[in-house]
Number of protein chains: 2
Amino acid sequence: MSGSWEEFFATHLPPTDFEDNRSLLKEFCERHDRQGHRIVLVTSGGTTVPLEHNTVRFVDNFSAGKRGSASAEYFLEQGYAVIFMHRLKSLEPFTRHFNGQKLLDMLEMQDESNNTTIRVKQDSVFALAPVLSRYQAAHAAGAILHVAFTTVSEYFWLLRAACEVLAKSGPRALLYLAAAVSDFYIPKDSIPTHKMQSESGPPVIQLHLVPKLLAPLVNLWVPSAYVVSFKLETEENLLIPKSRAALEKYKHKMVIANMLQNRHQRVLVVTREANQEILLSREELLAGADIEAGIVGVIVSHHSEHLAHSEAR
Amino acid sequence: MSGSWEEFFATHLPPTDFEDNRSLLKEFCERHDRQGHRIVLVTSGGTTVPLEHNTVRFVDNFSAGKRGSASAEYFLEQGYAVIFMHRLKSLEPFTRHFNGQKLLDMLEMQDESNNTTIRVKQDSVFALAPVLSRYQAAHAAGAILHVAFTTVSEYFWLLRAACEVLAKSGPRALLYLAAAVSDFYIPKDSIPTHKMQSESGPPVIQLHLVPKLLAPLVNLWVPSAYVVSFKLETEENLLIPKSRAALEKYKHKMVIANMLQNRHQRVLVVTREANQEILLSREELLAGADIEAGIVGVIVSHHSEHLAHSEAR
């Protein structure tokens with residue numbers, strides 16, 4: 001029931017804006033590569049599986065994009081160039097701190113002799129200024145590239161394109177695959193073209209397994225990169241065995257394992273050598289600390305070792 | 001396969017914040033009722049159907065919430081009090097014009113002698129000021145109440161609660177049911193508690209028909225209100241027959257029918273008496289005009305007739 005990844009690419013067309021995104025990825029990576037920067041690909045948010053060609057209905061994977069968007073900020077802080085490959089409308093770095101209504105509530109208008117000015121209320125400047133200044137710095141430096149997907153097939157095409165350009169960065173490339181990718185999809189031929197009519201009774205949906213891209217990614221596309229994947233579970237006793245099984249099977253470097261219920265407070269960093277727990281205290285959590293600061297810190301130090309190792313060889 | 005609405009409410013628990021929302025709805029409607037205001041319930045965005053209890057995966061209905069969020073603004077302009085019942089994270093009135101990144105891009109910081117100020121760049125004031133001033137006026141007047149749902153079951157509970165308080169407004173109540181509600185759901189007992197494991201092979205999902213709430217809503221809950229429903233189709237030749245069939249079946253006042261492909265440019269207003277087309281020209285569309293201004297205009301005049309009629313009796 002699970003086709004190969006070659007078959008998936010052969011039967012699913014690239015998204016309409018694919019060539020534009022490929023050019024952006026190429027330009028971004030070449031520019032940072034020339035400067036010897038480390039580049040991280042952060043994938044974030046869930047993918048959808050359309051149930052109809054004209055897509056009124058789809059199966060979605062739950063993910064607001066908090067992990068990916070927060071992590072992107074910390075990678076920027078650590079000097080990485082960041083490709084932020086995210087689900088359209090999921091959380092993005094910096095703006096994640098303020099939804100639209102919160103931002104409008106911060107503003108006040110002043111009308112002075114035919115001249116309207118709008119400013120941020122002084123009591124909101126305290127919260128907004130540090131985020132705004134990091135946002136402006138990252139954009140001014142061209143240190144972040146946003147690329148968006150919606151369906152699992154768009155995600156697949158973009159991921160492969162990013163790998164093709166990241167391969168040139170060798171061990172300086174880091175892949176942080178935090179997106180919640182569908183395990184299942186509906187083959188193109190079994191998708192109805194028009195909206196399913198409820199009069200014909202409730203449909204039965206036969207799902208197929210999505211091929212695992214991690215295998216060709218690690219072996220063929222970016223063999224020198226440092227690759228981090230994620231495991232989200234709802235049963236504690238599956239966390240470590242499933243993470244170890246993934247490392248064994250795909251031969252990548254690290255799995256970040258977490259439980260759905262407390263994923264913003266506790267993760268396990270699983271490498272071939274060890275398990276390491278990262279935990280936020282209740283106080284840190286209430287104070288608004290991001291566990292992603294800790295996760296990114298640990299990964300960056302492993303990535304540095306990986307780089308040192310690769311250069312020594 | 002389609003259970004009754006009574007059965008649905010009997011087997012699905014109310015959402016956790018239900019009593020809070022019910023109090024908010026009650027306070028809002030009573031306050032506006034005392035002032036003799038017309039009240040519109042705008043529902044907006046899609047509902048989800050969880051595939052697992054711990055909800056990693058769900059079936060979603062496509063809807064950004066453009067129709068509902070834009071319409072809410074025009075109803076406010078026409079003096080209505082607006083209950084904006086929307087899918088969490090879908091577009092909202094006023095903020096829909098600016099995503100987070102666009103708002104951050106409008107801001108500039110100034111550091112002057114230990115005092116940071118943030119203001120909107122003068123060339124963005126032009127676009128932001130009118131929206132901000134309407135936003136501030138609506139909120140200062142307490143003319144809009146936001147209530148959010150995610151799953152189809154949350155939507156059902158909130159819709160019934162809103163109807164209970166709106167019933168007191170009699171014909172002054174207008175229901176504008178623009179949300180894209182799931183036709184299908186998965187009965188509680190057939191939902192697995194834990195994340196489905198892909199190792200056990202791809203699952204088959206048997207969907208059940210959701211009961212149509214429009215029937216009890218029109219007949220029992222708000223019998224004097226002016227009720228408008230929506231039809232979204234992908235086949236032109238189904239638009240009018242399906243709209244007429246709905247009016248015949250549910251006995252409400254109006255169907256707004258549209259094609260997925262051009263729903264921001266053309267709608268049909270179908271009442272028992274007539275069909276009326278509302279169309280934006282290509283120029284209007286490019287200039288950023290909202291077809292919702294026209295839709296709301298037509299509905300408000302029908303609602304006025306309905307009110308005059310009810311008072312004459």
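Let me begin with one pair of residues: in chain A, I256(A) has V269(A), in strand 14, as its bridge partner. Strand here means a DSSP run of E of at least two residues, helix a run of H or I of at least four, both numbered from the N terminus. What we are looking at is a predicted model, in which local features need pLDDT of at least 70 and side-chain atom pairs count only at pLDDT 80 or more, whereas totals for chains, interfaces and linings use all residues. Residues are numbered from 1 along each chain as its sequence is written, chains are lettered from A and ligands numbered from 1 in the order in which they are written, and side-chain values use heavy atoms, with hydrogens and water left out.

Strand 13 (254-259) and strand 14 (266-271) of chain A run antiparallel and are joined by four bridges; two strands pair if DSSP finds at least two bridges between them. Both belong to an open, mixed sheet of eight strands in chain A, ordered 7-4-1-8-12-13-14-15, with strand 7 (144-149) and strand 15 (275-279) at the edges, each pairing on one side only.

Turning to chain B, the axes of helix 2 (18-34) and helix 6 (152-166) come within 9 Å and cross at roughly 30°, the axes being lines fitted to C-alpha atoms over the stretch in contact, with angles from 0 to 180 degrees between N-to-C directions. These two helices of chain B are therefore roughly parallel to each other, a label for angles under 35 degrees.

Definitions and conventions
Angles under 35 degrees count as roughly parallel, over 145 as roughly antiparallel, 65 to 115 as roughly perpendicular and the rest as oblique.
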